[in-house]
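Welcome to this short tour. Have your viewer ready, and we will go from one selection to the next together.

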Amino acid sequence: MRFAEKVRNALCRLMYGRNGVDQLNLCLIWLMIALNLAGAFTGGAAGAIVSVAGTAVTVWILFRVFSRNLPRRRGENAVFVSRVWYPVSSFVRRMTTRLHDREHRYFTCPDCRTVCRVPRGKGRIVITCPKCRREIRAKS
Ligand SMILES: [Zn+2]
């Protein structure tokens, strides 16, 4: 057995039955990186406080990764995913789609917040909201 396989098997045995990395841990890792960088570039007592906060987040990450209390960790992650991860990721996906869509313009209805997609380059147009029938005058 090669050395790399032995290391891989040892890691698999170590992580068996443990939580590992989930969405909450990924965000905590980014928070830890941000806090440690901010602590490194901030001097004095404020920098020390930020560095201690970064260390606390690191301990929290390690606790969650190696935790064997899977129902509790999965419950925490489910709350995080439903309240933070999903809204943020769907917003980013929507904005990325709009940014890369060069053939359409997007307008939001001021009454019902429905997003209306119209072809780009048609001049001044009147958009009728498909949900509430309000007319929006805009330039495509
Ligand atoms: Zn509407």
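You are looking at a predicted model, in which local features need pLDDT of at least 70, side-chain atom pairs count only at pLDDT 80 or more, and totals for chains, interfaces and linings use all residues. To find your way, count residues from 1 along each chain as its sequence is written.

Next, select residues 3–100 and then 101–140. These are domain 1 and domain 2, with bounds that come from an automatic or database domain assignment. Their C-alpha centres lie 39 Å apart.

Now select residues 3–15, which make up helix 1. Helices (H or I, at least four residues) and strands (E, at least two) are DSSP runs, numbered from the N terminus. Try the distance tool on the end C-alpha atoms of helix 1: they are 18 Å apart, which agrees with the 18 Å that its 13 residues should span at 1.5 Å a residue. That expected span is 1.5 Å times one less than the number of residues. Is helix 1 buried or in the open? The number of its residues that are buried is zero, so helix 1 lies largely in the open. A residue is buried if 20 or more other C-beta atoms lie within 10 Å of its own, exposed if 12 or fewer, and partly exposed in between, with C-beta atoms placed from the backbone. Just after helix 1, click on G17, which has a positive phi of about 80°.

Move on to residues 70–100. This is helix 4, where confidence is highest, at a mean of 96, while strand 4 has the lowest, at 93.

Then select residues 104–108 and 115–119. These are strand 1 and strand 2, which pair in the antiparallel sense over five bridges; two strands pair if DSSP finds at least two bridges between them. Look across from H104 and you will find P119 in strand 2. The hairpin has six residues between its strands, and one to click on is R113, with a positive phi near 65°. Most residues other than glycine have a negative phi. R113 counts as exposed because it has 10 C-beta neighbours inside 10 Å.

For the last stop, go to R133, in the loop between strand 3 (124–128) and strand 4 (135–139). R133 is not a glycine, yet its phi is positive, about 65°. Is R133 buried or exposed? R133 is exposed, with 10 other C-beta atoms within 10 Å.

Methods: pLDDT is the predictor's confidence in each residue, from 0 to 100.
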